Amino acid sequence: MKEMDLISQRLQQIKGNIVAACQRSGRNPKEVQIVAVTKYVDMETTRRALDAGLVHIGESRAQEAVPKWKELGGRGVWHFIGHLQSNKAKAVAGRFTYVHSLDRYSLAKELSRRSVANGQATKCMIQVNISGEKSKHGLKPDELLEFARESAELPQLEIEGLMTMAPVTDDPEEVRPIFRHLKTLQQELQRLGDPKLSVPHLSMGMSRDYIIAVEEGATFVRLGSVLVGTQPQKA
């Protein structure tokens with residue numbers, strides 16, 4: 001089977017799973033967007049993902065993603081989903097529409113500065129480390145409110161939502177409370193009534209647990225191995 005056909009087949013299966021998850025939770029499937037995580041695949045596989053009808057592309061290493069972005073002529077909507085060093089903000093701002101890993105004010109200021117310079121706003125998800133794992137980046141839940149308020153005041157920085165990563169577990173049900181907590185934090189921000197903190201998006205759920213995430217309110221699911229595979233990038 002051709003690679004694009006395989007991606008298309010996987011995509012249809014995933015969409016069916018999302019529709020079923022939305023039916024179980026009383027949601028509209030149109031609220032859920034699939035981010036194809038292409039950080040482990042080469043440029044041609046990324047191109048095939050776009051050709052298969054995927055719109056959102058997720059990358060986590062600026063030095064590898066920017067050449068892909070250039071080669072593909074800016075096709076698609078690009079999401080930076082990995083930990084972002086402040087000195088890489090220049091490469092990301094203006095190319096990536098979304099940054100899913102905003103986790104400190106120094107990065108917020110640098111993204112704002114770079115976005116002002118190129119005249120294009122950067123949409124950000126604030127990363128929250130709900131599980132408390134030391135191996136994961138992100139704010140503690142009790143740090144979110146103050147950080148969100150301060151970051152939302154920066155020019156050309158739009159706080160679009162929240163992001164979290166769940167622990168790796170053999171039982172996806174174990175991560176449901178993590179996703180449910182992120183939804184609660186979203187609702188707490190929305191109750192403030194600040195138009196800059198309407199935070200419509202929840203970026204949560206990966207290949208192993210995206211169905212649970214959709215049931216709990218995800219609007220972006222980040223799918224790599226289950227969708228485009230894990231082919232090593234070419235040297």
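Is phenylalanine 220 buried or exposed, judged by its relative accessibility? In this predicted model, phenylalanine 220 has a relative accessibility of 1% and therefore counts as buried, the cut-off being under 20%.

**Aromatic pairs**

Three aromatic pairs turn up in a search of the whole structure. One of them joins tryptophan 78 and phenylalanine 96 in an edge-to-face arrangement, with 6.1 Å centre to centre and 85 degrees between the planes. Tryptophan 78 belongs to strand S3 (residues 77–80), while phenylalanine 96 sits in the loop between helix H4 (89–92) and S4, so this pair ties together parts 18 residues apart in sequence. Ring pairs also link Trp78, Phe80 and Phe96 into a cluster.

| Residue | Relative accessibility |
|---|---|
| Tryptophan 78 | 1%, buried |
| Phenylalanine 96 | 1%, buried |
| Tyrosine 98 | 10%, buried |
| Phenylalanine 220 | 1%, buried |

Tyrosine 98 and phenylalanine 220 are edge-to-face because their ring centres are 5.3 Å apart and their planes stand at 65 degrees. Tyrosine 98 is in strand S4 and phenylalanine 220 in strand S8 (residues 220–223), so the pair ties together parts 122 residues apart in sequence.

**Helix H6**

Helix H6 spans residues 144–152, and its buried residues are Leu144, Phe147, Ala148, Ser151 and Ala152. Viewed down the axis of H6, these residues fall within an arc of 120 degrees, so they line one face of the helix. Residues three or four places apart in an α-helix point the same way, because there are 3.6 residues a turn. The buried residues of H6 pack against strands S4 (98–102), S5 (122–127) and S6 (157–163), and against helices H5 (105–118) and H7 (176–190).

Notes: Residues numbered from 1 in each chain as written. Predicted model: local features only at pLDDT ≥ 70, side-chain atom pairs only at ≥ 80, totals over all residues. Heavy atoms only, no water. Buried < 20%, exposed > 50% of the residue type's maximum accessible area, 1.4 Å probe, protein only. Helix = DSSP H or I, 4+ residues; strand = E, 2+ residues; numbered from the N terminus. Arc of directions from axis to C-beta. Contact = heavy atoms within 4.5 Å. Phe/Tyr/Trp six-rings, centres within 6.5 Å; stacked < 30°, edge-to-face > 60°.
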